[in-house]
Amino acid sequence: MGVYWAIAVRSFRRFSTYRIATVSGAFTNTVFGFILCGIYLTLWHERPGLGGYDTADALTFVWLQQGLLMPVGIWGATTTGELGERVRSGEIAVDLYRPTHLLLWWLSVDLGRAMFQLLVRGGAPLLVGALVFDLKFPSSPLAWLAVAAGVFLAILVSFGIRYLVALSGFWITDTRGMEQLALVLSSFFSGMILPLVVFPGGIGDIARATPWAATMQVPIDIWLGRNPGGIGSALLFQLGWIVVLLLGAQLVTSVATRKVVIQGG
Amino acid sequence: MVERVLRAPAQYWMLIMMWVRSSMAYPASFFLMLFSSMVLTVMDFVAIVLMFSHISSFGGFSLAEMALLYATASMTLGIADLFTGSIERVGERIRTGTFDAYLIRPVPAFLQTAADGFALRRLGRPFQALVVMVFAFNRLDLEWTVARGIMLVVSILAGTVIFGAIFVLGAAFQFLAVDSAELANSFTYGGQTMTQYPLAIFGKEIVRAVTFVVPLAFVNYYPVLYLLGKPAPLGLPSWIGLLSPLVAVVMVALASLAWRAGLRRYRSTGS
C-alpha cells in the first residue's frame, strides 16, 4: 500500500512544478466561467426555474463545472494520456514487469494529479466566481462530506473510462480516434456542454444514466442538493459505475497482459 | 524580403502536405478522427437546439439567427485553427530546445511553427459549420444580393484572419512565459464560445472590451448584425460590420510585431 501512496505523492509534486501552466489554465477556466454565466443568466432569465434549477443553482453549476473539469479529467488527463502513449510505443512493457499492479499504479498516479488540480484549478475559479456571483455552498459538515465523497467517486469513474480508452491501444494501433470519441461522449453526457437537467425527455433520461453523468452532473447535484433520489442514491449510482468500470479495467488488464506475453513483448 | 514573402505560400504548402501524407498513413484512424471532430464540434450547436426546446428567443435572436452566428463563429475559428492552431505548440518546442532546428532551416521559423503537425482532421469543424450555415440560410428569410454574398464571404475571411492573429499573439506570448499555451485558449476557444451567442447578452463592458480591446465582435457579430438588419449595440453605427477587414489588417500587423519581438527575445535552452 505504501508504494502506491508514494507514487501518488510524487505525482502530486510533479504536477505542482508546472506553475505557469497551472495559472494560465486556471485563468482560462475562469474566463470560460464568466462566458457561461452570461449564457446561463440569459437562459434562466427567459425560463426561470428551468430543469428545477434556480439562477443561483445554474451559476454555481458553471463554477463547479469549471473547477472540476481538470481534476476529474473528463476531457482526458495527462496521466492516462501518457498511459495510452506508452501502450502505443510499447514502453508499457516496462510498467508490466514492475512488481506492482498496473491498474493500481496508474490509479495512484492519477489520484496524485487529481488532488493537485482539485486544490489549485478547482479552488481558484470557484473563489473568483463566489466573489462576483451569489453562489450556493453546502450548509452542513455532512453535506460537505457528501460532496467530498461525490467528487472522489467522480474521479474514480472518470479514471475507469480513461484507463479503458488508453488500454484499447492493445487492440487498435492508434488510440487517438478512440480518445476523440471518448471526448465527444464525455462532453455531451457529463453535462459539460449543457446541464443534463435541461436535456428534454428521453435524451435526458439516457444522459442521466450514463457513467459520464457520474463524473460531472451527479457530484454537482450533490453540492446543490438537487439529486432526484437524494444523496444516497446518487453515491450508489456512482459506486455502481465504478464497480462496472474497474472490473472491466481489471479484465482488460489481464487479457492485455497475456496478449503482450504471447507476442513476445 | 519581397522574394521571401512570395516564396512563403509554396513553402507552407510543402510543409502541410508533408503532415497530410503522414496523417493519411492510417486512413481509418484519420477518417474516424475527422468524423468525431465534426461530431464533437456540432455538439455545441446541439446544446443551442436543446436550449431552444425551452425558449423561443435568446437575447433577441431566433434559432435560425443563432444558427448563423454559431456557424460563422465556428467556421472562422475552425479555418484559423486549421492553418495556424499548431503554433501554440511553440512553448513546448522552446522548452525542449527543438525550436532551434527551425531557426537554422532556410524556411521562416513562423511558417514551420504554424505548419507544425498540421492536422487535416481539423477540417471537421469548418465542415460542420457549413452544415449549420446551410440550415440557417434555409430557415432565414434573407433577400440575397451579390453585395451581401460578397460581404458574407469577405467577413468570414476577415474573421478567420482575426482568429489566426490571436493564435499568433498567444504563441508570441509563450516566448515570455513558456508554459502558457492554455492562456491563449481563453481568447481563441473562449472567443469562439462567446461569438456563438449575441454578444450583447454579456453586458455593455464586455461588448466594449470585445470591440475595442480584443476585437472579437468583428469576427462575426457585427457582420451578422448588418446582414440580418439588426441594430448594433452601444449606439454604434450599423455599418460597423463592414469594418472587419480593416480590423483584420490591424490584428495581423500587431501579431507580426509580437511574433518578431518574441523571436528576437528567444534564447535557446540548450537542452
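1. Starting with the interface: chain A and chain B bury about 3100 Å² between them, and 74% of that lies on carbon and sulfur atoms. On the chain A side, the residues that lose the most area to chain B are Ile39(A), Gln180(A) and Val184(A), which together make up 17% of what that side buries. Chain A puts 34 residues into the contact and chain B puts in 35.

2. A word on confidence, since this is a predicted model. The predictor gives the complex an ipTM of 0.86 and a pTM of 0.88. Chain B has a mean pLDDT of 88, with 99% of its residues at 70 or more. Within chain B, helix 3 comes out highest, at 94, while helix 4 (residues 90-96) is lowest, at a mean of 83.

3. Now to a helix pair inside chain A. Helix 3 (residues 55-73) and helix 7 (residues 141-167) of chain A have axes that come within 9 Å and cross at roughly 50 degrees. Because of that angle, helix 3 of chain A is oblique to helix 7 of chain A. Helix 3 of chain A brings Leu68(A), Pro71(A), Val72(A) and Gly73(A) to the contact, and helix 7 of chain A brings Val151(A), Ala154(A), Ile155(A), Ser158(A) and Arg162(A). By type, the residues of this contact are six nonpolar, two polar and one charged.

4. Setting aside neighbours within four places in sequence, Ser168(A) is in contact with Thr175(A) and Met178(A).

5. Over in chain B, helix 12 (residues 221-228) is worth a stop: this helix is mostly covered, with seven of its eight residues buried. The buried ones are Tyr221(B), Tyr222(B), Pro223(B), Val224(B), Leu225(B), Leu227(B) and Leu228(B). What do the buried residues of helix 12 of chain B pack against? Their partners are helix 3 (63-84), helix 8 (146-173), helix 11 (204-213) and helix 13 (244-265) of chain B. Helix 3 of chain B, one of those partners, is also where confidence in chain B is highest.

6. Helix 12 of chain B is followed by Gly229(B), and the phi of Gly229(B) is positive, near 70 degrees.

Definitions and conventions: Residues numbered from 1 in each chain as written. Chains lettered and ligands numbered in written order. Predicted model: local features only at pLDDT ≥ 70, side-chain atom pairs only at ≥ 80, totals over all residues. Heavy atoms only, no water. Buried < 20%, exposed > 50% of the residue type's maximum accessible area, 1.4 Å probe, protein only. Helix = DSSP H or I, 4+ residues; strand = E, 2+ residues; numbered from the N terminus. Contact = heavy atoms within 4.5 Å. pLDDT = per-residue confidence, 0-100. Axes fitted to C-alpha atoms, helices over the stretch in contact; angles between N-to-C directions. Parallel < 35°, antiparallel > 145°, perpendicular 65-115°, else oblique. Nonpolar A, V, L, I, M, F, W, Y, C, P; charged D, E, K, R; others polar. Buried area = accessible area lost by both parts, 1.4 Å probe.
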